[in-house]
Number of protein chains: 6
Amino acid sequence: MPYVNIKITKEGATSEKKAQLIQGVTDLLVSVLGKNPQTTVVVIEEIDTDNWGIGGRTVSELRKKG
Amino acid sequence: MPYVNIKITKEGATSEKKAQLIQGVTDLLVSVLGKNPQTTVVVIEEIDTDNWGIGGRTVSELRKKG
Amino acid sequence: MPYVNIKITKEGATSEKKAQLIQGVTDLLVSVLGKNPQTTVVVIEEIDTDNWGIGGRTVSELRKKG
Amino acid sequence: MPYVNIKITKEGATSEKKAQLIQGVTDLLVSVLGKNPQTTVVVIEEIDTDNWGIGGRTVSELRKKG
Amino acid sequence: MPYVNIKITKEGATSEKKAQLIQGVTDLLVSVLGKNPQTTVVVIEEIDTDNWGIGGRTVSELRKKG
Amino acid sequence: MPYVNIKITKEGATSEKKAQLIQGVTDLLVSVLGKNPQTTVVVIEEIDTDNWGIGGRTVSELRKKG
(Lines give C-alpha, C1' and ligand atoms only; values in the text may rest on other atoms or scores of the structure.)
Protein backbone atom coordinates (compact mmCIF):
# COMPACT_ATOMS: atom_id res chain seq x y z
CA MET A 1 0.00 0.00 0.00
CA PRO A 2 2.64 2.55 -0.98
CA TYR A 3 2.01 6.25 -1.41
CA VAL A 4 4.04 8.12 -4.02
CA ASN A 5 4.12 11.88 -4.43
CA ILE A 6 5.71 13.25 -7.58
CA LYS A 7 6.38 16.97 -7.85
CA ILE A 8 7.26 18.41 -11.24
CA THR A 9 7.27 21.92 -12.67
CA LYS A 10 4.03 22.91 -14.39
CA GLU A 11 5.20 22.96 -17.96
CA GLY A 12 2.49 21.26 -19.95
CA ALA A 13 2.63 17.56 -19.09
CA THR A 14 -0.40 16.05 -20.86
CA SER A 15 -3.03 13.82 -19.21
CA GLU A 16 -1.69 10.92 -21.30
CA LYS A 17 1.88 11.40 -20.06
CA LYS A 18 0.70 11.68 -16.47
CA ALA A 19 -1.41 8.51 -16.80
CA GLN A 20 1.65 6.75 -18.25
CA LEU A 21 3.79 7.90 -15.31
CA ILE A 22 1.21 6.71 -12.77
CA GLN A 23 1.02 3.30 -14.48
CA GLY A 24 4.80 3.03 -14.67
CA VAL A 25 5.45 3.91 -11.03
CA THR A 26 2.72 1.51 -9.88
CA ASP A 27 4.20 -1.30 -11.99
CA LEU A 28 7.65 -0.64 -10.48
CA LEU A 29 6.34 -0.93 -6.93
CA VAL A 30 4.73 -4.24 -7.86
CA SER A 31 7.77 -5.66 -9.69
CA VAL A 32 10.53 -4.40 -7.38
CA LEU A 33 8.88 -4.57 -3.95
CA GLY A 34 5.95 -6.92 -4.53
CA LYS A 35 3.42 -4.29 -3.47
CA ASN A 36 -0.32 -4.62 -4.10
CA PRO A 37 -1.25 -2.28 -6.99
CA GLN A 38 -4.87 -1.95 -5.79
CA THR A 39 -3.77 0.08 -2.75
CA THR A 40 -0.87 1.90 -4.42
CA VAL A 41 -1.58 5.62 -4.62
CA VAL A 42 0.36 8.01 -6.87
CA VAL A 43 -0.22 11.76 -6.66
CA ILE A 44 1.36 14.20 -9.13
CA GLU A 45 1.69 17.87 -8.19
CA GLU A 46 2.56 20.45 -10.82
CA ILE A 47 4.35 23.48 -9.43
CA ASP A 48 4.55 26.93 -11.02
CA THR A 49 8.11 27.66 -12.25
CA ASP A 50 8.13 30.79 -10.03
CA ASN A 51 7.72 28.52 -7.01
CA TRP A 52 10.46 25.97 -7.79
CA GLY A 53 14.06 26.79 -6.98
CA ILE A 54 17.29 24.97 -7.65
CA GLY A 55 20.76 26.34 -7.04
CA GLY A 56 19.12 29.33 -5.33
CA ARG A 57 17.35 30.47 -8.52
CA THR A 58 13.76 29.96 -9.59
CA VAL A 59 13.10 27.82 -12.65
CA SER A 60 11.43 30.91 -14.20
CA GLU A 61 14.76 32.75 -14.04
CA LEU A 62 16.71 29.72 -15.29
CA ARG A 63 14.35 29.27 -18.27
CA LYS A 64 14.76 32.97 -19.21
CA LYS A 65 18.54 32.66 -19.31
CA GLY A 66 18.01 29.73 -21.69
CA MET B 1 1.77 21.32 17.70
CA PRO B 2 0.86 18.73 15.10
CA TYR B 3 0.84 19.33 11.39
CA VAL B 4 -1.74 17.49 9.29
CA ASN B 5 -1.81 17.37 5.50
CA ILE B 6 -4.93 16.00 3.85
CA LYS B 7 -4.90 15.30 0.13
CA ILE B 8 -8.21 14.65 -1.63
CA THR B 9 -9.30 14.68 -5.24
CA LYS B 10 -10.65 18.03 -6.43
CA GLU B 11 -14.28 17.13 -6.81
CA GLY B 12 -16.20 20.02 -5.32
CA ALA B 13 -15.70 19.89 -1.55
CA THR B 14 -17.36 23.06 -0.23
CA SER B 15 -15.75 25.58 2.11
CA GLU B 16 -18.19 24.47 4.80
CA LYS B 17 -17.19 20.80 4.48
CA LYS B 18 -13.51 21.70 4.53
CA ALA B 19 -13.97 23.87 7.63
CA GLN B 20 -15.81 20.97 9.27
CA LEU B 21 -12.96 18.60 8.42
CA ILE B 22 -10.35 21.00 9.84
CA GLN B 23 -12.35 21.38 13.06
CA GLY B 24 -12.87 17.62 13.35
CA VAL B 25 -9.22 16.68 12.82
CA THR B 26 -8.08 19.35 15.30
CA ASP B 27 -10.56 18.09 17.90
CA LEU B 28 -9.27 14.53 17.42
CA LEU B 29 -5.67 15.57 18.04
CA VAL B 30 -6.78 17.29 21.23
CA SER B 31 -8.96 14.44 22.49
CA VAL B 32 -6.77 11.48 21.48
CA LEU B 33 -3.26 12.86 21.97
CA GLY B 34 -3.83 15.87 24.24
CA LYS B 35 -2.32 18.28 21.67
CA ASN B 36 -2.69 22.05 21.91
CA PRO B 37 -5.27 23.16 19.29
CA GLN B 38 -3.76 26.66 19.04
CA THR B 39 -0.64 25.32 17.32
CA THR B 40 -2.34 22.51 15.39
CA VAL B 41 -2.14 23.18 11.66
CA VAL B 42 -4.30 21.37 9.09
CA VAL B 43 -3.69 21.87 5.36
CA ILE B 44 -6.05 20.44 2.72
CA GLU B 45 -4.79 19.97 -0.83
CA GLU B 46 -7.22 19.26 -3.66
CA ILE B 47 -5.70 17.32 -6.53
CA ASP B 48 -6.98 17.18 -10.11
CA THR B 49 -8.39 13.72 -10.92
CA ASP B 50 -5.89 13.48 -13.82
CA ASN B 51 -3.08 13.69 -11.26
CA TRP B 52 -4.32 11.07 -8.78
CA GLY B 53 -3.69 7.41 -9.48
CA ILE B 54 -4.78 4.25 -7.70
CA GLY B 55 -4.32 0.72 -8.97
CA GLY B 56 -2.21 2.19 -11.80
CA ARG B 57 -5.17 4.17 -13.26
CA THR B 58 -5.97 7.84 -12.89
CA VAL B 59 -9.16 8.77 -11.06
CA SER B 60 -10.28 10.51 -14.29
CA GLU B 61 -10.19 7.14 -16.07
CA LEU B 62 -11.89 5.33 -13.17
CA ARG B 63 -14.71 7.91 -13.06
CA LYS B 64 -15.32 7.51 -16.81
CA LYS B 65 -15.72 3.78 -16.47
CA GLY B 66 -18.37 4.47 -13.81
CA MET C 1 -9.35 7.80 -1.69
CA PRO C 2 -7.82 10.46 0.53
CA TYR C 3 -4.27 10.45 1.83
CA VAL C 4 -3.60 11.98 5.25
CA ASN C 5 -0.17 12.65 6.70
CA ILE C 6 0.01 13.53 10.39
CA LYS C 7 3.28 14.79 11.83
CA ILE C 8 3.65 14.93 15.61
CA THR C 9 6.63 15.22 17.92
CA LYS C 10 8.01 11.89 19.08
CA GLU C 11 6.98 12.00 22.69
CA GLY C 12 5.61 8.57 23.47
CA ALA C 13 2.30 8.23 21.65
CA THR C 14 1.27 4.59 22.22
CA SER C 15 0.21 2.16 19.47
CA GLU C 16 -3.31 2.28 20.91
CA LYS C 17 -3.51 6.06 20.67
CA LYS C 18 -2.16 6.03 17.14
CA ALA C 19 -4.67 3.35 16.10
CA GLN C 20 -7.43 5.48 17.64
CA LEU C 21 -6.25 8.53 15.70
CA ILE C 22 -6.15 6.57 12.42
CA GLN C 23 -9.68 5.27 13.02
CA GLY C 24 -10.96 8.73 13.96
CA VAL C 25 -9.49 10.53 10.95
CA THR C 26 -10.78 7.84 8.60
CA ASP C 27 -14.28 8.09 10.10
CA LEU C 28 -14.20 11.88 9.64
CA LEU C 29 -13.36 11.58 5.95
CA VAL C 30 -16.26 9.19 5.55
CA SER C 31 -18.79 11.25 7.52
CA VAL C 32 -17.80 14.75 6.33
CA LEU C 33 -16.77 14.12 2.72
CA GLY C 34 -18.36 10.75 1.96
CA LYS C 35 -14.99 9.15 1.13
CA ASN C 36 -14.49 5.41 0.80
CA PRO C 37 -12.68 4.18 3.95
CA GLN C 38 -11.18 1.18 2.12
CA THR C 39 -8.88 3.44 0.09
CA THR C 40 -8.28 6.05 2.79
CA VAL C 41 -4.64 6.04 3.87
CA VAL C 42 -3.39 7.70 7.07
CA VAL C 43 0.34 7.91 7.80
CA ILE C 44 1.68 9.18 11.14
CA GLU C 45 5.25 10.46 11.36
CA GLU C 46 6.87 11.04 14.72
CA ILE C 47 9.58 13.70 14.67
CA ASP C 48 12.41 14.09 17.18
CA THR C 49 11.91 17.22 19.32
CA ASP C 50 15.35 18.45 18.14
CA ASN C 51 13.96 18.50 14.59
CA TRP C 52 10.71 20.38 15.23
CA GLY C 53 10.73 24.14 15.49
CA ILE C 54 8.03 26.64 16.31
CA GLY C 55 8.57 30.34 16.88
CA GLY C 56 12.18 29.85 15.77
CA ARG C 57 13.02 27.50 18.68
CA THR C 58 13.20 23.72 18.75
CA VAL C 59 10.69 21.85 20.86
CA SER C 60 13.67 20.42 22.80
CA GLU C 61 14.59 23.95 23.89
CA LEU C 62 10.97 24.87 24.65
CA ARG C 63 10.49 21.74 26.80
CA LYS C 64 13.66 22.57 28.81
CA LYS C 65 12.38 26.04 29.63
CA GLY C 66 9.19 24.38 30.93
CA MET D 1 21.23 17.81 -1.83
CA PRO D 2 18.48 19.00 0.50
CA TYR D 3 14.84 19.31 -0.44
CA VAL D 4 12.79 22.06 1.16
CA ASN D 5 9.02 22.41 0.93
CA ILE D 6 7.50 25.68 2.10
CA LYS D 7 3.74 25.94 2.45
CA ILE D 8 2.20 29.39 2.88
CA THR D 9 -1.31 30.75 2.51
CA LYS D 10 -2.07 32.14 -0.94
CA GLU D 11 -2.25 35.80 -0.12
CA GLY D 12 -0.36 37.55 -2.88
CA ALA D 13 3.34 36.78 -2.39
CA THR D 14 5.07 38.26 -5.44
CA SER D 15 7.50 36.42 -7.71
CA GLU D 16 10.27 38.67 -6.38
CA LYS D 17 9.52 37.76 -2.74
CA LYS D 18 9.37 34.08 -3.60
CA ALA D 19 12.69 34.28 -5.48
CA GLN D 20 14.21 36.03 -2.45
CA LEU D 21 12.91 33.29 -0.13
CA ILE D 22 14.32 30.54 -2.36
CA GLN D 23 17.71 32.28 -2.47
CA GLY D 24 17.70 32.84 1.31
CA VAL D 25 16.80 29.26 2.24
CA THR D 26 19.41 27.89 -0.19
CA ASP D 27 22.09 30.18 1.29
CA LEU D 28 21.17 28.99 4.80
CA LEU D 29 21.60 25.33 3.87
CA VAL D 30 25.02 26.17 2.44
CA SER D 31 26.18 28.30 5.37
CA VAL D 32 24.72 26.24 8.25
CA LEU D 33 25.06 22.67 6.96
CA GLY D 34 27.64 23.02 4.17
CA LYS D 35 25.22 21.68 1.56
CA ASN D 36 25.83 21.97 -2.20
CA PRO D 37 23.52 24.70 -3.58
CA GLN D 38 23.49 23.15 -7.06
CA THR D 39 21.41 20.21 -5.85
CA THR D 40 19.36 22.11 -3.27
CA VAL D 41 15.71 22.18 -4.28
CA VAL D 42 13.15 24.56 -2.74
CA VAL D 43 9.46 24.23 -3.58
CA ILE D 44 6.89 26.80 -2.44
CA GLU D 45 3.21 25.83 -2.30
CA GLU D 46 0.53 28.48 -1.87
CA ILE D 47 -2.62 27.22 -0.20
CA ASP D 48 -6.09 28.77 -0.41
CA THR D 49 -7.11 30.31 2.94
CA ASP D 50 -10.20 28.04 2.92
CA ASN D 51 -7.86 25.05 3.00
CA TRP D 52 -5.55 26.13 5.83
CA GLY D 53 -6.64 25.63 9.40
CA ILE D 54 -5.09 26.64 12.69
CA GLY D 55 -6.72 26.33 16.09
CA GLY D 56 -9.55 24.43 14.40
CA ARG D 57 -10.58 27.41 12.25
CA THR D 58 -9.80 28.15 8.62
CA VAL D 59 -7.65 31.17 7.84
CA SER D 60 -10.61 32.50 5.80
CA GLU D 61 -12.70 32.61 8.99
CA LEU D 62 -9.86 34.10 11.03
CA ARG D 63 -9.28 36.87 8.44
CA LYS D 64 -12.99 37.76 8.48
CA LYS D 65 -12.98 38.21 12.24
CA GLY D 66 -10.06 40.63 11.70
CA MET E 1 14.17 18.48 -11.84
CA PRO E 2 11.42 16.37 -10.33
CA TYR E 3 11.18 15.42 -6.69
CA VAL E 4 9.64 12.06 -5.82
CA ASN E 5 8.71 10.92 -2.33
CA ILE E 6 7.86 7.25 -1.86
CA LYS E 7 6.37 6.10 1.41
CA ILE E 8 6.22 2.38 2.14
CA THR E 9 5.72 0.35 5.28
CA LYS E 10 8.96 -0.63 7.03
CA GLU E 11 8.96 -4.34 6.34
CA GLY E 12 12.51 -5.14 5.34
CA ALA E 13 13.09 -3.65 1.87
CA THR E 14 16.78 -4.24 1.19
CA SER E 15 19.26 -1.58 0.06
CA GLU E 16 19.44 -3.33 -3.31
CA LYS E 17 15.67 -3.19 -3.81
CA LYS E 18 15.58 0.46 -2.80
CA ALA E 19 18.43 1.30 -5.20
CA GLN E 20 16.53 -0.52 -7.96
CA LEU E 21 13.37 1.47 -7.20
CA ILE E 22 15.28 4.78 -7.26
CA GLN E 23 16.87 3.87 -10.60
CA GLY E 24 13.53 2.76 -12.05
CA VAL E 25 11.59 5.86 -11.01
CA THR E 26 14.35 8.14 -12.32
CA ASP E 27 14.38 6.29 -15.66
CA LEU E 28 10.59 6.70 -15.92
CA LEU E 29 10.77 10.45 -15.42
CA VAL E 30 13.39 10.63 -18.16
CA SER E 31 11.54 8.38 -20.62
CA VAL E 32 7.97 9.61 -20.01
CA LEU E 33 8.48 13.30 -19.30
CA GLY E 34 11.95 13.98 -20.69
CA LYS E 35 13.28 15.14 -17.30
CA ASN E 36 16.98 15.57 -16.56
CA PRO E 37 18.09 12.63 -14.37
CA GLN E 38 20.95 14.64 -12.81
CA THR E 39 18.50 16.84 -10.89
CA THR E 40 15.87 14.16 -10.24
CA VAL E 41 15.62 13.43 -6.53
CA VAL E 42 13.90 10.34 -5.11
CA VAL E 43 13.40 9.96 -1.35
CA ILE E 44 12.07 6.74 0.19
CA GLU E 45 10.53 6.83 3.66
CA GLU E 46 9.84 3.62 5.55
CA ILE E 47 6.99 3.88 8.02
CA ASP E 48 6.40 1.64 11.03
CA THR E 49 3.33 -0.58 10.52
CA ASP E 50 1.81 0.91 13.72
CA ASN E 51 1.85 4.31 12.00
CA TRP E 52 0.24 3.33 8.68
CA GLY E 53 -3.50 3.01 8.44
CA ILE E 54 -5.79 1.89 5.66
CA GLY E 55 -9.52 1.30 5.95
CA GLY E 56 -9.32 2.76 9.47
CA ARG E 57 -7.01 -0.03 10.76
CA THR E 58 -3.25 0.00 11.25
CA VAL E 59 -1.17 -2.30 9.09
CA SER E 60 0.04 -3.93 12.34
CA GLU E 61 -3.54 -5.01 13.08
CA LEU E 62 -4.16 -6.10 9.49
CA ARG E 63 -0.98 -8.23 9.47
CA LYS E 64 -2.02 -9.94 12.73
CA LYS E 65 -5.34 -10.96 11.26
CA GLY E 66 -3.37 -12.55 8.41
CA MET F 1 1.57 30.63 9.72
CA PRO F 2 3.92 28.90 7.28
CA TYR F 3 4.94 25.28 7.45
CA VAL F 4 8.41 24.33 6.26
CA ASN F 5 9.65 20.78 5.75
CA ILE F 6 13.38 20.30 5.23
CA LYS F 7 14.67 16.91 4.15
CA ILE F 8 18.40 16.25 4.36
CA THR F 9 20.49 13.10 4.32
CA LYS F 10 21.22 11.68 7.77
CA GLU F 11 24.90 12.44 7.99
CA GLY F 12 25.46 13.79 11.47
CA ALA F 13 23.88 17.25 11.62
CA THR F 14 24.17 18.30 15.27
CA SER F 15 21.31 19.61 17.42
CA GLU F 16 23.01 23.00 17.39
CA LYS F 17 23.16 23.15 13.60
CA LYS F 18 19.55 22.06 13.32
CA ALA F 19 18.46 24.71 15.86
CA GLN F 20 20.39 27.31 13.85
CA LEU F 21 18.66 26.22 10.64
CA ILE F 22 15.21 26.40 12.28
CA GLN F 23 15.96 29.88 13.60
CA GLY F 24 17.32 31.03 10.23
CA VAL F 25 14.39 29.78 8.17
CA THR F 26 11.89 31.30 10.62
CA ASP F 27 13.69 34.66 10.47
CA LEU F 28 13.59 34.56 6.66
CA LEU F 29 9.83 34.00 6.60
CA VAL F 30 9.42 36.97 8.91
CA SER F 31 11.77 39.30 7.03
CA VAL F 32 10.84 38.32 3.44
CA LEU F 33 7.12 37.61 3.74
CA GLY F 34 6.17 39.31 7.01
CA LYS F 35 4.93 36.04 8.55
CA ASN F 36 4.22 35.63 12.26
CA PRO F 37 7.09 33.60 13.80
CA GLN F 38 4.88 32.29 16.63
CA THR F 39 2.90 30.12 14.21
CA THR F 40 5.78 29.28 11.87
CA VAL F 41 6.57 25.57 12.03
CA VAL F 42 9.80 24.05 10.69
CA VAL F 43 10.25 20.27 10.58
CA ILE F 44 13.59 18.66 9.65
CA GLU F 45 13.64 15.07 8.44
CA GLU F 46 16.91 13.17 8.19
CA ILE F 47 16.90 10.44 5.57
CA ASP F 48 19.21 7.41 5.44
CA THR F 49 21.67 7.68 2.52
CA ASP F 50 20.33 4.33 1.21
CA ASN F 51 16.92 5.98 0.83
CA TRP F 52 17.99 9.14 -1.01
CA GLY F 53 18.60 9.03 -4.74
CA ILE F 54 19.86 11.62 -7.18
CA GLY F 55 20.72 10.98 -10.81
CA GLY F 56 19.29 7.48 -10.38
CA ARG F 57 21.90 6.47 -7.77
CA THR F 58 21.59 6.32 -3.99
CA VAL F 59 23.72 8.71 -1.95
CA SER F 60 25.27 5.61 -0.31
CA GLU F 61 26.62 4.55 -3.71
CA LEU F 62 27.75 8.09 -4.59
CA ARG F 63 29.61 8.45 -1.28
CA LYS F 64 31.42 5.12 -1.87
CA LYS F 65 32.68 6.28 -5.25
CA GLY F 66 34.08 9.35 -3.46
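Me: What makes strand 3 (residues 52–54) of chain A and strand 2 of chain D a pair?

Reply: This is a predicted model. In it, three bridges link the two strands, in the antiparallel sense. Pairing takes at least two bridges. Three meets that mark, so the two strands pair.

Me: Which residue stands opposite Val42(D)?

Reply: Gly53(A) does.

Me: Why is strand 2 (residues 41–47) of chain D called mostly covered?

Reply: Seven of its seven residues are buried. Buried means under 20% relative accessible area, so each of the seven falls under that value. Val41(D), Val43(D), Glu45(D) and Ile47(D) point one way from the strand. Val42(D), Ile44(D) and Glu46(D) point the other way. Both sets are buried.

Me: Why does Asn5(C) count as buried?

Reply: Its relative accessibility is 5%. The cut-off is under 20%, so Asn5(C) counts as buried. Asn5(C) lies in strand 1 of chain C. Leaving out residues up to four places away in sequence, Asn5(C) touches residues of chains B, C and E, including Tyr3(B), Val43(C) and Lys7(E).

Me: What makes the link between Asn5(C) and Glu45(C) a polar contact?

Reply: Their side chains are joined at 2.8 Å. The limit is 3.5 Å between N or O atoms, with one able to donate a hydrogen and the other to accept it.

Me: Why is the meeting of Glu45(C) and Lys7(E) called a salt bridge?

Reply: The side chains meet at 3.4 Å, N to O. A Lys nitrogen must be within 4 Å of a Glu carboxyl oxygen, so 3.4 Å passes. The count between chain C and chain E is one salt bridge. Eight residue pairs are in polar contact across this interface.

Me: Which elements give two or more residues to the side of chain C that touches chain E?

Reply: Strand 1 (3–9), helix 1 (15–33) and strand 2 (41–47) of chain C do. By class, that side has eight nonpolar, six polar and three charged residues.

Me: How many residues of each chain are in contact where chain C meets chain E?

Reply: 17 residues of chain C are in contact with 13 residues of chain E. The two chains bury about 1200 Å² between them, 50% of it on carbon and sulfur atoms. Ile22(C), Val43(C) and Glu45(C) supply 31% of the area that chain C buries there, more than any other three residues.

Me: What makes strand 2 of chain C and strand 3 (residues 52–54) of chain E a pair?

Reply: Three bridges do, in the antiparallel sense. The mark is at least two, so these strands pair. In one of the bridges, Val42(C) has Gly53(E) as its partner.

Me: Why is Leu29(B) called buried?

Reply: Its relative accessible area is 0%. That is under 20%, so Leu29(B) is buried. Leu29(B) is found in helix 1 (residues 15–33) of chain B. Beyond its neighbours within four places in sequence, its contacts include Pro2(B), Val4(B), Ile6(C) and Leu21(C).

Conventions. Residues are numbered from 1 along each chain as its sequence is written. Chains are lettered from A and ligands numbered from 1 in the order in which they are written. This is a predicted model: local features need pLDDT of at least 70, side-chain atom pairs count only at pLDDT 80 or more; totals for chains, interfaces and linings use all residues. Side-chain values use heavy atoms; hydrogens and water are left out. Contact means heavy atoms within 4.5 Å. Buried area is the accessible area (1.4 Å probe) that two parts lose on being put together, summed over both. Helices (H or I, at least four residues) and strands (E, at least two) are DSSP runs, numbered from the N terminus. Ala, Val, Leu, Ile, Met, Phe, Trp, Tyr, Cys and Pro count as nonpolar, Asp, Glu, Lys and Arg as charged, and the others, Gly among them, as polar. Buried means under 20% relative accessible area, exposed over 50%, partly exposed in between (1.4 Å probe, protein chains only).
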